[in-house]
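Open the model in your viewer and keep the selection panel at hand. The stops below say what to select next and what is there.

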2 protein chains.
Amino acid sequence: MGQVKDFMQIALNHAQIAFEADEVPVGAVIAKKDQVIATAANAMKRLGDPTAHAEMIAIRKACEVLKQNRLIGCTLYVTLEPCPMCLSAISFARLDAIYYGASDPKSGGVSAGNGLVGARALHHKPEIYEGFCEVESAALLKAFFEQKRG
Amino acid sequence: MGQVKDFMQIALNHAQIAFEADEVPVGAVIAKKDQVIATAANAMKRLGDPTAHAEMIAIRKACEVLKQNRLIGCTLYVTLEPCPMCLSAISFARLDAIYYGASDPKSGGVSAGNGLVGARALHHKPEIYEGFCEVESAALLKAFFEQKRG
């Protein structure tokens, strides 16, 4: 599990970059075996793009790097549970697995009740593992929203 | 309803552009009142990007044109029922309404059974109208996939 923690630490560093840029602090990494293929911080505000979640940017970067639109053999590490948009994109990109930090019961695509993981529309279902660097990931999000509330 | 048909016709023209570029033929238009803000054809193959659905490209273009990441007051016209990724993006972008052509019971985010429209994660729910230029939209998709199967 040492390697998962290493990749999650890189994702956390990107969440921190997002935090410092006044973006909701979420970071993501896509790796193929031992190698980091793409990293991203949430950039919705900077790019003025509601689809610019860390996972979406990482997927698009990884496809560009690998010059293919399928990320078979790749794994995504992200500090927050992916939303339905990102979970669908992960499925389209055929990522093998996702490791995420904090849960998002209100907006997540994985959590029970949102129903997407079991949905017919999700043709490729990645393996999903949660709770990695959960405390650090959640603390960063909490600090961000507390600061916003002033 | 004349205006809806006009916008759907533009979406159909873009689906035709996708068809001719050997892409799954789906086209989209975003309009604000009478004015077309953005148009897009599905470009997954050309861009090597599994997230480059017509709706996603149109949303990103419209945000760029309007210099805002919320598309309040705007409507999306698309030839095929949006998938869960696009439906979530439509929700994030706060589009007022969606009009779509062909249904996609296998992969759509709206159709009963996929469960996304009613999901907790979809905080903003656009108005959704289906079946506009359905025959033409579906015929183009059918021709594409028949040609693929040889």
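Predicted model: local features only at pLDDT ≥ 70, side-chain atom pairs only at ≥ 80, totals over all residues.

**Stop 1: a lysine in a strand-to-strand loop**

B:Lys33 counts as exposed, because its relative accessibility is 73% and the cut-off for exposed is over 50%. Now look at where B:Lys33 sits: in the loop between strand S1 (27–32) and strand S2 (35–41) of chain B. Check the backbone too. B:Lys33 is not a glycine, yet its phi is positive, about 50°.

**Stop 2: a lysine after a helix in chain A**

Go to A:Lys67. The loop that holds A:Lys67 runs between helix H3 (54–66) and strand S3 (74–80) of chain A. Is A:Lys67 buried or exposed? A:Lys67 is exposed, with 75% relative accessible area. Its phi is positive as well, about 50°, although A:Lys67 is not a glycine.

**Stop 3: chain A as a whole**

Zoom out to chain A. Count the elements: 5 helices and 5 strands. Trace them from the N terminus and the order reads α-β-β-α-α-β-α-β-β-α. The C-alpha atoms fill a box of roughly 45 × 35 × 35 Å along the principal axes.

How does the radius of gyration of chain A fit a compact globule? A compact globule of 150 residues would have a radius of gyration near 15 Å, and the 14 Å of chain A agrees with that. Of the 150 residues in chain A, 55% are buried.

**Stop 4: H5 of chain A**

Select A:Glu136. This glutamate is found in helix H5 (residues 134–149) of chain A. A:Glu136 counts as partly exposed because its relative accessibility is 42%. Now draw a distance from A:Glu136 to A:Ala121. The two are 15 residues apart in sequence, but 32 Å apart in space, C-alpha to C-alpha.

**Stop 5: H3 against H4 in chain A**

Show H3(A) and H4(A). Their axes come within 9 Å and cross at roughly 20°. These two helices are therefore roughly parallel to each other. Their crossing is left-handed. On the H3(A) side, pick A:Glu55, A:Met56 and A:Ile59; on the H4(A) side, pick A:Met85, A:Cys86, A:Ala89 and A:Ile90. Colour this contact by class and you get 6 nonpolar, no polar and 1 charged residues.

**Stop 6: H3 against H4 in chain B**

Move to chain B. Select helix H3 (residues 54–66) and H4(B): the axes come within 9 Å and cross at roughly 20°. That angle is why H3(B) counts as roughly parallel to H4(B). H3(B) passes H4(B) in a left-handed crossing. Side chains to display here are B:Glu55, B:Met56 and B:Ile59 from H3(B), which meet B:Met85, B:Cys86, B:Ala89 and B:Ile90 from H4(B). By class, this contact of H3(B) with H4(B) has 6 nonpolar residues, no polar ones and 1 charged.

**Stop 7: what covers H4 of chain B**

Stay on H4(B). How many of its 9 residues are buried? The count is 8 of 9, leaving H4(B) mostly covered. The buried residues are B:Pro84, B:Met85, B:Cys86, B:Leu87, B:Ser88, B:Ala89, B:Ile90 and B:Ser91.

From chain A, the cover includes H3 and H4. From chain B, the cover includes H3, strand S3 (74–80), strand S4 (97–102) and strand S5 (127–130). Then step past the helix. B:Arg94 follows H4(B) and has a positive phi, near 60°.

**Stop 8: H4 meets H4**

Finish between the chains. Select residues 84–92 in chain A and in chain B, which form H4 in each. The two axes come within 7 Å and cross at roughly 150°. H4(A) is therefore roughly antiparallel to H4(B). H4(A) passes H4(B) in a left-handed crossing.

Which residues meet here? From H4(A), they are A:Pro84, A:Met85, A:Ser88, A:Ala89 and A:Phe92. From H4(B), they are B:Pro84, B:Met85, B:Ser88, B:Ala89 and B:Phe92. By class, the contact of H4(A) with H4(B) has 8 nonpolar, 2 polar and no charged residues. The spacing along the helix is worth a look. An α-helix has 3.6 residues a turn, so residues three or four places apart point the same way.

Technical notes: Residues numbered from 1 in each chain as written. Chains lettered and ligands numbered in written order. Heavy atoms only, no water. Axes fitted to C-alpha atoms, helices over the stretch in contact; angles between N-to-C directions. Helix = DSSP H or I, 4+ residues; strand = E, 2+ residues; numbered from the N terminus. Parallel < 35°, antiparallel > 145°, perpendicular 65-115°, else oblique. Left-handed = near helix turned anticlockwise from the far one by under 90°. Contact = heavy atoms within 4.5 Å. Nonpolar A, V, L, I, M, F, W, Y, C, P; charged D, E, K, R; others polar. Rg over C-alpha atoms; globule rule 2.2 N^0.38 Å. Buried < 20%, exposed > 50% of the residue type's maximum accessible area, 1.4 Å probe, protein only.
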